[in-house]
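Subject: Structure for your files

Hello,

Here is the structure for you to look over. My notes on what was found follow below it.

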Amino acid sequence: MSRLAAFAVQTSRGAMPWLVALSAGSYLLLGFAQPASNVAALCGRLNVAQSVFLPAPNLQFSQIFQAVAADWILMVVAMMAPLVAANLSYVGRVVHASQKVAASISFLLGYLCVWILSGLLLVPLAFVLALAGAWIDLSLAFGVAVVWSMSPLAQRARNKCHGTSRIAAFGQEAQADGCWFGLRTGAACVFACWPWMLVPLQVETGHIAVMVLTGLYLFADRIAPPAAPVWRLPPALETVLGVSLLPGGRGPNGHSLRHTKPLAATSQPVRTRH
């Protein structure tokens, strides 16, 4: 069984079905919402340009900002929700049953908060790239994303995405710890994925399809096991091929990564405070 198939089996009874449904719902909202103001389709480069510099009549800046912010949040939820399945399942395992929902929501809010703040930088950066012209902007964004995925810095961030955190079992402390875990995971995820979020923003037509493909790539990238922070081919290829693409096929401790299991399979509940 491939690593991708094994991961799917391991998470089919956990948070993954709900996260996939949340992701699909966000894609549908982005795909079918067509407001007359022409500012909802954040992913289309022309729409971003029109919403920022050529606002429709009778629209205030606050309305434009709210529409762009809403679209950015939907984009993040659509592309990133499946990536946190293992982390969210971990939260559910280490807290008391009475705190599972509250701690999980706290984790998701913390994670989403980091991505919302990142949009203050990434959305303007996407528009700056769009000024380069047709196809040049997309080529630049894609090239930067691929090179970044191969870099040691990106691998360090991916390793942190696989990390766990001490979470209390009861009370408000469980919710606070869950939120802190979400903030940490979100920061690592932003650092690992930020250039890939620019790619769909450079596509004028078919941007939803590009979002889906990019989201699938990032999912394959995420479930690749932790590895040594060295220059390497993108880990998503490792997921698809089921073999290590590191030099020598070795991990941080010198052991083979060919049979390393993802977080959903390897994480064990930590001892919690009672």
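Contact here means heavy atoms within 4.5 Å. Helices (H or I, at least four residues) and strands (E, at least two) are DSSP runs, numbered from the N terminus. The model is a predicted one, in which local features need pLDDT of at least 70 and side-chain atom pairs count only at pLDDT 80 or more, while totals for chains, interfaces and linings use all residues. Residues are numbered from 1 along each chain as its sequence is written, and side-chain values use heavy atoms, with hydrogens and water left out.

Overall

The protein chain has twelve helices and zero strands. Of its 274 residues, 47% count as buried (buried is under 20% relative accessible area, exposed over 50%, partly exposed in between, with a 1.4 Å probe and protein chains only). Among contacts in the protein chain with a separation of 6 or more, 76% are between residues 24 or more positions apart.

Packing against α10

Helix α9 (residues 171–198) packs with α10 at an angle of about 145 degrees, and their axes are 11 Å apart. Axes are lines fitted to C-alpha atoms, for helices over the stretch in contact, and angles run from 0 to 180 degrees between N-to-C directions. The crossing of α9 and α10 is right-handed; a crossing is right-handed if the near helix is turned clockwise from the far one by less than a right angle, and left-handed if anticlockwise. On the α9 side, C189, C193 and W196 meet T214, Y217, L218 and R222 of α10. By class, this contact of α9 with α10 has five nonpolar, one polar and one charged residues. Ala, Val, Leu, Ile, Met, Phe, Trp, Tyr, Cys and Pro count as nonpolar, Asp, Glu, Lys and Arg as charged, and the others, Gly among them, as polar.

Helix α2 (residues 16–32) also packs with α10 (residues 207–222), here at an angle of about 155 degrees with the axes 10 Å apart. That makes α2 roughly antiparallel to α10 (over 145 degrees; under 35 is roughly parallel, 65 to 115 roughly perpendicular and the rest oblique). This crossing of α2 and α10 is right-handed. M16, Y27, L30 and G31 in α2 meet I208, M211, V212, G215 and F219 in α10. The contact of α2 with α10 counts seven nonpolar, two polar and no charged residues.

Cysteines

How many disulfides does the structure hold? There are zero disulfides, a disulfide being a pair of cysteine sulfur atoms within 2.5 Å. For C179, the closest cysteine sulfur is that of C113, and at 7.5 Å it is too far for a bond. C193 is in no disulfide, and its nearest cysteine sulfur, in C189, is 3.9 Å away. C193 is buried at 3% relative accessible area, whereas C179 is partly exposed at 29%.

Two further residues

D71 lies in helix α4 (residues 61–80) and is buried, with a relative accessible area of 7%. The C-alpha atom of D71 is 7.1 Å from that of L30, which is 41 residues away along the chain. L30 is also one of the α2 residues that meet α10.

P234 sits in the loop between α10 and α11 (235–241). P234 is buried too, at 10% relative accessibility. Its C-alpha atom is separated by 5.5 Å from that of S149, 85 residues apart along the chain.

Regards
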